[in-house]
Amino acid sequence: MVSTPFQHDTATHCPYCAFQCGMRLSGPRESVVVDGDEAFPVNKGALCIKGWTSAAPLAHPERLLNPLVRNAAGDLVPATWDEALARVAEAFKSIRTDYGADAVGIFGGGSLTNEKSYLLGKFARVALGTANIDYNGRFCMSSAAAAGIRALGIDRGMPFPLEDIASAEVVLLAGSNVAETMPPIMQYFEAQRANGGVLVVSDPRRTATAAAADLHLRLTPGTDAVLANGLLHLLIRDDLIDHDYIQERTEGFERVRQIAATYWPERVERITGIPEAELLQTARLLGRANTAMILTGRGAEQQAQGVTNVLSFINLALALGKVGRPNSGFGCLTGQGNGQGGREHGQKADQLPGYRLIADPAARQHVAAVWDFPEEELPGPGKSAYELLDSLGPEGGIRSLLVLGSNVVVSAPHGNNIRERLESLDFLVVSDFFLSETALLADVVLPSAQWAEEEGTITNLEGRVIRRRRAFAPPEGVLTDLELLEQLAARLGRERWFTYASPEAVFDELRAASAGGAADYSGITYEKIEAGQGVFWPCPSVDHPGTPRLFAESFPTPSGRARFHPVLHRSPAEEPDEDFPLYLTTGRVLAQYQSGTQTRRIGELEDMASEPLAEINPTTAERYGLADGDMLTLETRRGAARVRALVTENIRPDTVFAPFHWPNEQSANLLTNPALDPTSRMPEFKVCAVRIVKD
Amino acid sequence: MLKKERLVVIGNGMAGARFVEELVARGGAEMYDIVMFGEEPHGNYNRILLSSVLAGCHKPEDTLINELSWYEEQGIKLYSGVKAGWIDRMGASVYAAGGISESYDKLVIATGSTPFLPPIGNMYDEDGFMRDGVFSFRTLEDCQAMIDHAASARRVVVVGGGLLGLEAARGLLERGLEVHIAHLGDYLMNSQLDAPAGAMLKQTLEGLGLNIHLDKLAESITPPFAGAPVGGLKFKDGEELECDMIVVAAGVRPNIDLAKQSGLHVQHGIVVQDDLSCRNDRNVYAIGECAQHRGKLFGLVAPLWEQARILAEQLSGENPEASFRGVRVSTKLKVLGVDLAVMGDKDLQTDEDEQVHYSEPARGVYKKLIIRNGRLAGAILLGDGLTTPGVLQAFDRSELLPDNRASLLFPGTGGAAQIDVADLPETAQVCNCNGVTKGRIIQACQDGNGTLEAVCKATRAGTGCGACKPQVKAIVTFEANQAASQAATVISVIGGKKVAFPAIADEAPARTPENVAVGRS
């Protein structure tokens, strides 16, 4: 690939969350000036502190500028690319020979561009022949994705542009703290409220988002589906459902209506802890509004019943007759930068590009033809993210792992187990631009280019495909992930399938591979993206303008109708008891991102959030004799974490909140429960039982 | 493949049908051939919602949980509208009229209960049927009959001032009747409330338009006046209430005759062990209102469903050791316009028990906690619905209560009050997105940035979500005022709150609540 020259004033997008703020970069790499891009219609110039400081890692002193290889003494020492890649190729080959192709696994990330996600999926199937590829997006969007496909026939997080929020009379935000996780989105909720709209937030915590809402439903952790079913009960009772819409555009309501009969308000109040009056108020707000939206976040989704939780909210939106109507509908707010695109093009264990299923013969034939690769040699579905990680080592059978753009030691649940599994590998290779906690365990570490050093596309939370542009060539000795995969494929004897002139050439192949699939990118070109501030998929031909709004006429299901799904809530996999008497819920804070590999290295962000603060209600703090700022240990059946107390009324007395951005003894994921959703395989990050041990 | 066992369930109500649903959800249809007897002629409906149906809030069809088609889809043989007549335990079979006989390997009795009808003279007609215009309140049919009759009735007397009676009364009030409640006790809901709470509830209900008569023992129904089926109700004390409709809601009695006849061990209810099987027959189980567990009968839905779940876990093999240890019982009065939750003990039971109460008759608020060993043993909460969920959950989970009991009765909202930027310390973070403190904003102002835009650009405050812009603006304005005047500080009251600010020269912008007292997000 040819590297593009240094460019001044590059219009690109923030490397962090799915909001993908437009930003302009200028100046040299060592002192980049970041500016919000006022021309980009999503953030309209706004940035949060993470965006303003996003260029700091580019010239950070700890940045990896050459490969590292573990020597005989067990130390990671600098090596040439030739040495490092030879070692990786040898290890993969010998493990494949000894244990079969599935013994090599790949773990990707939701921050990778579409081109990288796509090529990583192809690399797994064609270069390695392994079924075992999955990614950290499984921990992020899988529940919403599975629910969207089942109920609406398609998984595009938001099936409408963000601007529609401003015109919604009522918005119910279920389990999402966007004021911290994607702050610039708040301008849309501010606009909505300035237009006289009402914002309702359900969350066990009084988050910054909940505090900005007109009504905060402070639910008990793990009771989201009870809330949704309870609201549906009230809507049915007060005849605020849309009978014509249900009749004409949906199927399966009857059973859902019957189940709603068992969620009467007194019962729902008792389980959720939300006063009846607030339930009724919410139901009436939603039911009487001409335009209403229901949006879910990780709070409802990161549970062992994440899929049914989301389905219960979709049921609500369908019963209200709002899905596919102007300034209305159901959406989920994607988390990671390319959380949307990253789940569409073959990085998932069960998928091929274009949101095709790898088990579907027609899908296999189509993709095999595009790849010019024998269909029968494509592997079948592999293990999902947590199961893949849990299978590492001699017992599970995955003996070698390539990790790209993920720091699983910090971000996966049940961290002690993950570390043990990684340590039991024959061979671990990690591509990253810092020596992350996962990279520290690797046999080979490969330095990768950063976001401002690569070309590609990202699909934001609206389904808008946008361009990531290169401001600087990568430093000497650093490859882009695309270059890495090409070179590694060549060493595995698969050069023929991995030779591209540019990232755009990878994208063009992705377009062909996605053609006819649910996420059809075939009509999207770099040129069109640049001309129009992004293109919304599906876009099935070059003269197609893209699809900002879905479902206006019909749903992409076999019958063309949306499907209701009966949902009976279950208790969380682990509930408080005598030994572990409190709920633990985890999440993010504004000044850090994910596992913190980048953000914990940025001074300004560290000044704002330098350590995990566990939110504890004053009543609970008093019982344990804790004062604000005291150190304490949180313990679950899986591990212990050291945190500082933040005593606040913002958390329920029965619940402790801990952010998960920190490693080692501060890691909240040492505590979390890897109980998985039966459909999406999403771990239960958002609820488990914990106890406080005072120092 | 193993031969399926035969499971017969007598009862298709709140307990029986729920049990079968829970069992089927655990793969029970693959393990058992399931046969059900349901006396009522339809699928299963949510009896809890009948007061809401009576009040006209719920359509009867919206109370259906399982239609007849559901049973078919699950492969369940349901005898709908058929009352099981005889259990032959030696032959392990259940018989019913019409030559029906079904053998079983396991039998679950969930026959529920029937209304208790006190001896009131003239209640039955010559053929022994309940007189026209007189109703009990148990089934959907009862409910429909009441609705039909109420359409042309004028004045009703509800016999019984317990939960069900009050709910029936409220429903009929919604239908435009003049409603009288005749209660035997000296205050309402005397089995759940204490006297002061009962008195306050009476006041609240009277406020809604109900007429309440205490210490009333119904003696006989008086003969009809012109054309009406009943003429009135006469009480033991001689008083008489003229009416054209009577609803008897004087409690329920468990249906235990069938079990008794078959020789199962029965006291007040069918005696079951912790695994819910009968004392003298391990293949027969009883759940719901007809079952007696550790000397207790249960009439509320939560314990019934708990029993249903536990038995399903057991019989599906999911958890063969699942057992019922009793539950903590709580309930809410489902009466529009009244917030009343009661749970556990209503009064002190031991010398060590602690009582916390709060009473505010003018607003109809009464809250009382009974605390034992630091945990909630009971509570009455009237007139303050927002307090209910927290107390209820503390009770359900038997949580250790906070030392400061008041925090349970008066939970904080957790919300930040309106904050005056003038009161904020300089270290306070104003812009959360960009971590900008008040001090930095003031510094930017003093550095010569005079407008909101300039300050935002200099500090990045307000460049994220933008929610803090009003506060930034207030600080900028405040700083401008500071600079504009060196005059003495005056005190004024803005938004009900005393704030200090400098005297302003005439041309300076006026301070308004909008630019000073802004909420902190």
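Okay, one thing before we start: I'll call two residues in contact if their C-beta atoms, placed from the backbone, lie within 7 Å. With that in hand, look at chain A: of its contacts with a separation of 6 or more, 73% are between residues 24 or more positions apart. And keep in mind that what you see here is a predicted model.

For chain B, the mean pLDDT is 88, and 90% of the residues reach 70 or more.

Now the domains. The assignment for chain A gives domain 1 (10-59), domain 2 (68-139 + 338-536), domain 3 (142-332) and domain 4 (582-694). Take domains 1 and 3 of chain A: their centres, over C-alpha atoms, are 32 Å apart. Where they meet, 9 residues of domain 1 are in contact with 7 residues of domain 3. What classes of residue are on the domain 1 side of that meeting? You get 8 nonpolar, 1 polar and no charged residues.

Let me zoom in on one residue, A:Leu227, which lies in helix α8 of chain A. Why does A:Leu227 count as buried? Because it has 30 other C-beta atoms within 10 Å, and 20 or more is enough for that label. Leaving out residues up to four places away in sequence, A:Leu227 touches A:Ser202, A:Leu217, A:Leu219, A:Val268, A:Thr272 and A:Ile274. For a sense of scale, A:Leu402 is 175 residues from A:Leu227 in sequence and 41 Å from it in space, C-alpha to C-alpha.

On to chain B, with 15 helices and 35 strands. Its radius of gyration is 32 Å, well over the 24 Å that the globule rule gives for 521 residues, so chain B is more spread out than a compact globule. Its C-alpha trace spans about 100 × 70 × 50 Å along the principal axes. Here 44% of the residues are buried. Of the chain B contacts between residues at least 6 apart in sequence, 58% join residues at least 24 apart.

How do the two chains meet? The contact takes 39 residues from chain A and 40 residues from chain B. Several helices of chain A give two or more residues to its side, including α8 (224-237), α11 (265-272) and α12 (276-288). By class, that side of chain A has 21 nonpolar, 7 polar and 11 charged residues.

Last stop, the cores. The largest nonpolar core has 347 residues, and B:Ile246, B:Val247, B:Ile270 and B:Ile287 have the most contacts inside it. Beyond its close sequence neighbours, B:Ile287 is in contact with residues including B:Phe19, B:Val108 and B:Leu304. Apart from that core lies another, of 26 residues, among them A:Leu626 and A:Val647.

Conventions
Residues are numbered from 1 along each chain as its sequence is written. Chains are lettered from A and ligands numbered from 1 in the order in which they are written. This is a predicted model: local features need pLDDT of at least 70, side-chain atom pairs count only at pLDDT 80 or more; totals for chains, interfaces and linings use all residues. Helices (H or I, at least four residues) and strands (E, at least two) are DSSP runs, numbered from the N terminus. Ala, Val, Leu, Ile, Met, Phe, Trp, Tyr, Cys and Pro count as nonpolar, Asp, Glu, Lys and Arg as charged, and the others, Gly among them, as polar. A nonpolar core is a set of buried Ala, Val, Leu, Ile, Met, Phe, Trp, Tyr and Cys residues joined through C-beta atoms within 7 Å. A residue is buried if 20 or more other C-beta atoms lie within 10 Å of its own, exposed if 12 or fewer, and partly exposed in between; C-beta atoms are placed from the backbone. Domain bounds come from an automatic or database domain assignment. pLDDT is the predictor's confidence in each residue, from 0 to 100. The radius of gyration is taken over C-alpha atoms; the globule rule is 2.2 Å times the number of residues to the power 0.38.
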